[in-house]
Structures are given as structure tokens and as C-alpha cells.
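Colleague: Please walk me through how to read a few features of a model, one at a time.

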Amino acid sequence: MQYPLSPDVKPEFCTTGSYMRLPAHRENARVAIVGLPFDTAASFRVGARFAPQAIRQASMLLFPYHPVHKVFPFEDTQAIDIGDVPVIPHNIHRSYDRMEAAMWDLMAKEIVPIGLGGDHSVTLASLRAAKRVWGPVALIQLDSHTDTWDTYYEEKYWHGSPFIRAHEEGLLLPDKVFQIGIRGTLNHPGDLGASLELGYRVITTQELREAGAAETVRKIKEAIGETPCFLSFDIDFVDPAYAPGTGTPEVGGFTSFETLELIRGLTDLNYIGFDLVEVLPPYDPAQTTSLLAATLIHDFAALVALQKKRLAASGEEAEDGKELPQAFLADH
């Protein structure tokens with residue numbers, strides 16, 4: 001059977017609850033959707049625990065072909081949806097252990113995970129898993145906040161600190177970290193300086209608009225090259241007029257079109273994982289934010305499909321037939 005299922009085979013509203021009705025098991029999978037529904041590290045609004053299922057529901061509106069990249073992202077990668085990691089709502093460290101184990105299980109089999117957050121704290125678990133497989137990695141972070149604040153009420157682990165913790169744990173290559181789209185009011189004049197002191201490359205919203213998407217993409221590709229790269233997308237990168245359902249919205253952001261244009265330019269990189277975080281369904285009228293998130297997941301999978309085709313053309317594609325991970329959806 002071909003996946004995602006065509007609406008000619010079964011109506012879109014007839015679903016088991018997976019992203020675009022993908023199966024939980026499939027031979028030769030190269031992409032896996034995995035829910036990371038942890039949100040109790042948020043500092044203001046909560047509710048991102050409900051985002052994985054909201055994004056999956058919105059994905060029913062999508063079709064399988066990507067007309068810009070000319071690929072079938074989920075068929076070309078034999079994609080699966082393994083459900084949600086069973087996080088522990090009130091315990092971030094035990095939740096980190098479970099999320100890291102799930103992501104490592106995928107990455108170790110050369111399956112590219114696409115995590116559905118959850119607040120932005122979940123990215124630390126994915127980066128821990130990535131280091132176990134690849135060593136320190138490059139990072140493309142699209143976000144309106146740097147998330148390099150050290151503590152909040154003396155707590156070191158929250159959704160505003162994953163990338164300072166990642167630096168302390170040696171999970172990233174600092175000169176290959178790009179924090180893109182940063183904007184908004186700050187607590188202190190030196191808030192942006194915290195990222196610069198870590199060696200990260202910060203591109204504010206104003207700088208991105210002045211340079212343009214093409215030039216920004218060129219700089220990213222030049223710096224990262226073939227280094228294993230994780231892409232983390234906070235939905236508040238987008239202006240709240242286009243993505244209102246998020247925890248800490250910042251006005252003056254990008255349109256849906258501008259966002260897709262930027263993502264679609266980020267081809268020819270060695271992606272080993274993605275996540276999309278901070279969608280809050282309770283603040284998302286008419287599924288506007290969830291649909292954009294689902295579309296971005298479609299685009300992430302398209303980048304992996306292009307990467308797979310590029311490796312196949314060069315004779316470097318990994319052998320098929322590796323053991324698949326246990327499906328959390330089936331077992332929990």
C-alpha cells in the first residue's frame with residue numbers, strides 16, 4: 001500500500017491519528033514522526049502537550065507531492081509515525097531520558113526523526129541523542145528567542161535555556177550554530193550577547209530582512225557544509241498574525257510564505273534530525289498554526305527526500321533493511 005493514503009482510497013477524516021495517516025512500522029524507513037508532548041518547562045502559556053495530535057489532525061489537509069522540490073517526501077523516505085514518547089508531565093529529567101532514548105533509537109538506525117513538541121525544552125533531549133550517534137552537531141534554530149537564558153527562578157532546565165545547556169554539555173559545534181529570526185523586547189541589554197559569547201551566530205529578524213533569504217541561506221550552507229545538522233523550528237519565528245497558537249508570541253515576524261521560502265532554500269545539508277515546537281492548540285483558532293506546522297513538517301521531510309536522492313546519485317546512500325524502532329504508539 002502507498003503512503004500517505006490517498007483521499008481516493010479513504011477520506012481524509014477517516015484516520016488512526018498518525019501524521020498524514022502514516023503507518024507505525026515500515027521497511028527501510030528513513031524518516032520518523034515522533035511526538036514529544038512535554039510542556040511543563042514553559043514560563044507563561046502551557047498547552048503544547050496537545051500539539052502533536054493537533055498537528056497530525058491538521059496534516060489531513062495535505063497532499064503527498066511537494067511541487068517545489070518535486071518529491072514525494074513520505075513515500076521517497078518510507079516515512080513512519082511512531083506516536084508519542086510517554087513523557088512524565090511533572091518531571092523534566094525523567095522525560096528527557098525517555099525522549100533521548102526514543103531519538104537515539106531512531107538516529108542510531110540512520111532514521112531521521114522529526115519531533116513534534118512540546119515546548120522548546122524538548123530539543124535538549126534530541127541533541128543529547130544526536131551527540132551519542134554523531135558527536136557534536138551543527139544547529140539551525142529558527143526562533144524569535146535565543147533560548148540561551150541561564151536560569152528562571154533558579155531553575156536551570158526550562159524552555160528558555162536548552163541552548164545554553166547544550167553548549168555546556170558539548171552537544172553543539174558553536175561556530176556552526178545559527179539562531180535566526182531573533183526579535184522582540186528583552187529583559188536586559190545583554191540578552192543577545194549571551195549567545196554571541198557562546199560563539200553562536202545570531203541573525204535577527206531585521207538582519208534577515210535586510211540581507212534576504214537567499215544570502216542568509218548561502219551563509220548557512222557555507223558554514224555548515226556536510227556537518228551533521230539538526231534543525232529546530234519554534235513556531236514563534238512566524239508572526240502571530242499567521243501563527244497565533246503559541247506560548248510567547250512576538251510581533252514583527254515572518255509570513256507563512258516567507259517562512260516556507262526560507263525553509264525550502266535550506267537544501268543540500270546533512271540533516272540528522274528536526275523538531276517543531278511551541279504550538280499551543282488552545283490559542284489556535286481555525287487550526288491556522290497547526291496547519292502551518294503540519295506544512296513545515298512536510299517540508300522537513302522533503303529536505304530529507306532530496307538528501308536521500310543526492311546520496312543515492314553519489315553512491316553514498318546507506319544500506320536498507322536496518323531494524324526499525326519499537327513503536328511507542330503501539331506499546332503505550
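**Reading burial, salt bridges and helix packing**

Colleague: Is Asp39 buried or exposed?

Modeller: Asp39 is buried, with a relative accessible area of 2%. The cut-offs are under 20% for buried, over 50% for exposed and in between for partly exposed, using a 1.4 Å probe and protein chains only. Bear in mind that this is a predicted model, where local features need pLDDT of at least 70 and side-chain atom pairs pLDDT 80 or more, while totals for chains, interfaces and linings use all residues. Residues are numbered from 1 along each chain as its sequence is written, and side-chain values use heavy atoms, without hydrogens and water.

Colleague: Which residue does Asp39 meet in a salt bridge?

Modeller: A salt bridge needs a side-chain nitrogen of Lys or Arg within 4 Å of a carboxyl oxygen of Asp or Glu. The partner of Asp39 is Arg49, at 2.9 Å from N to O. Both residues sit in the loop between strand 1 (31-36) and helix 1, 10 residues apart. Helices (H or I, at least four residues) and strands (E, at least two) are DSSP runs numbered from the N terminus. Arg49 is partly exposed at 33%.

Colleague: How many salt bridges does the structure hold?

Modeller: There are 16. One of them joins Asp84 and Arg56, with the closest N and O atoms 2.7 Å apart. That pair connects strand 2 (residues 80-84) to helix 1 across 28 residues. Lys109 and Asp105 form another, at 2.5 Å, and Lys109 is buried at 15%. Salt bridges with shared partners also join Asp150, Lys156, Arg165 and Glu168 into one network.

Colleague: At what angle do helix 1 and helix 10 cross?

Modeller: Two packed helices are described by the angle and the distance between their axes. The axes of helix 1 (residues 51-58) and helix 10 (residues 288-314) come within 8 Å and cross at roughly 80°. The helices are therefore roughly perpendicular, a term covering 65 to 115 degrees.

Colleague: Which residues meet there?

Modeller: Ala54, Ile55 and Ala58 of helix 1 meet Ser290, Leu291, Ala293, Ala294 and Ile297 of helix 10, contact being heavy atoms within 4.5 Å. By class, seven are nonpolar, one is polar and none is charged.

Colleague: Where is Ser121 placed?

Modeller: Ser121 lies in the loop between strand 3 (112-117) and helix 4 (123-134). Ser121 is buried, at 0% relative accessibility.

Note on methods:
Axes are lines fitted to C-alpha atoms, for helices over the stretch in contact, and angles run from 0 to 180 degrees between N-to-C directions. Angles under 35 degrees count as roughly parallel, over 145 as roughly antiparallel, 65 to 115 as roughly perpendicular and the rest as oblique. Ala, Val, Leu, Ile, Met, Phe, Trp, Tyr, Cys and Pro count as nonpolar, Asp, Glu, Lys and Arg as charged, and the others, Gly among them, as polar.
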